[in-house]
Amino acid sequence: MKPVVARGLHKEYDEVTALRNFSLSVAPGELVALVGHNGSGKSTFLRIAAGLLDRTDGEILLAGHEPGSMEARREVSFIPDDPVLYDDLTVNEHI
């Protein structure tokens, strides 16, 4: 099972398109770097993958699970520049 699979991911904020038809497939053990100019959608993708932001269209699975689900949160960690803590997790569960 691939740790990250995104197909046709799309995110719009009112009249601004942050992601358009973004696809990514990461194989187990593969390292990936997201590189791009400011405003190119890197942080938007990561926030969608972490379940912190809803996508407008497309699909994304983390270890076969929906972003933000407890199963996905067990498999994947995301620490943004300004960390966001989940209200339903204890300190130990965050670690």
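Modeller: Let us start with burial: Arg73 counts as buried because its relative accessibility is 18%, where buried means under 20% relative accessible area, exposed over 50% and partly exposed in between, with a 1.4 Å probe and protein chains only. This is a predicted model, in which local features need pLDDT of at least 70 and side-chain atom pairs count only at pLDDT 80 or more, while totals for chains, interfaces and linings use all residues. Residues are numbered from 1 along each chain as its sequence is written, and side-chain values use heavy atoms, with hydrogens and water left out.

Colleague: Where is Arg73 placed, and which residues does Arg73 touch, not counting residues up to four places away in sequence?

Modeller: Helices (H or I, at least four residues) and strands (E, at least two) are DSSP runs, numbered from the N terminus, and Arg73 belongs to helix H2, residues 70–75. A contact means heavy atoms within 4.5 Å; leaving out residues up to four places away in sequence, Arg73 touches Gly68, Tyr86, Asp88 and Leu89.

Colleague: Is Arg20 buried or exposed?

Modeller: Arg20 is exposed, because its relative accessible area is 63%. Arg20 lies in strand S2, residues 16–26, and, not counting residues up to four places away in sequence, touches Leu9 and His10. From C-alpha to C-alpha, Arg20 and His10 are 4.7 Å apart in space, although ten residues separate them in sequence.

Colleague: Which element gives the most to the lining of the largest pocket?

Modeller: H2 gives the most to the lining of the largest pocket, with four residues.
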